[in-house]
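Let's go through this one by asking what stands behind each label. Have a look at the model before we start.

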Amino acid sequence: KNHVQDRLHIGGPELLRNTQQQYDVLIANILAQPLLSLRQHFAHLLKPQGIWAISGLLHEQADAIEHAYREHLQPTARTQHEDWILIAGKQIHSNHS
């Protein structure tokens, strides 16, 4: 409806593993273990100062996930809805080492 289909890429983690393209925004709604294993790759997928949001986390998993993400990405916000958590942030590295 808002005519962004030519700029929006939607797919599972396997699709993301095979791309070298970088994005302005990355949103992932998957379970904690895949979010942990993909965090470095997510950092490589984001353009400098890109923004990200991850969800699919239970309240008791959020601190560990946020801590793990700090190695590659800067968390800036956390939102809770019932027992589910969304963590959002921005890319902090201009060089994806």
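Q: How do the residues lining the largest pocket divide into nonpolar, polar and charged?
A: This is a predicted model, and in it the lining splits into 12 nonpolar, six polar and three charged residues.

Q: What is the volume of that largest pocket, and which residues are closest to its centre?
A: The volume comes out at about 530 Å³. Of the 21 lining residues, Leu 8, His 9, Val 25, Leu 26 and Ile 27 are the closest to the centre.

Q: Which element gives the most to the lining of the largest pocket?
A: That's β1, with seven residues. α1 (13–17), β1 (23–29) and α2 each supply at least two.

Q: Why is Ser 55 called buried?
A: Buried means under 20% relative accessible area. Ser 55 has 15%, so it counts as buried. Ser 55 sits in strand β2 and touches, among others, Ala 28, Leu 35 and Ile 85.

Q: What makes the Ser 55 and Asn 29 side chains a polar contact?
A: The cut-off for the N or O atom pair is within 3.5 Å, and these two side chains are at 3.1 Å.

Q: How do you know that the buried residues of α3 are on the same side?
A: The buried ones are Ala 62, Ile 65, Glu 66, Ala 68 and Tyr 69. They cover an arc of only 155 degrees around the axis, so they end up on the same side of α3. On the other side, Glu 60, Asp 63, Ala 64 and His 67 are exposed.

Q: What covers the buried residues of α3?
A: The cover includes α2 (32–45), β2 (46–58), β3 (73–81) and β4 (84–91).

Definitions and conventions. Residues numbered from 1 in each chain as written. Predicted model: local features only at pLDDT ≥ 70, side-chain atom pairs only at ≥ 80, totals over all residues. Heavy atoms only, no water. Buried < 20%, exposed > 50% of the residue type's maximum accessible area, 1.4 Å probe, protein only. Helix = DSSP H or I, 4+ residues; strand = E, 2+ residues; numbered from the N terminus. Arc of directions from axis to C-beta. Contact = heavy atoms within 4.5 Å. 1 Å grid on protein atoms, 1.4 Å probe; cavity = no way out; pocket = protein on both sides within 12 Å on 5 of 7 lines; lining within 4 Å. Points joined across faces, edges and corners; volume = space filled by probe spheres on them. Nonpolar A, V, L, I, M, F, W, Y, C, P; charged D, E, K, R; others polar. Polar contact = N/O pair within 3.5 Å; in protein donor to acceptor, adjacent residues only side chain to side chain. Lists of a residue's contacts leave out its neighbours within four places in sequence.
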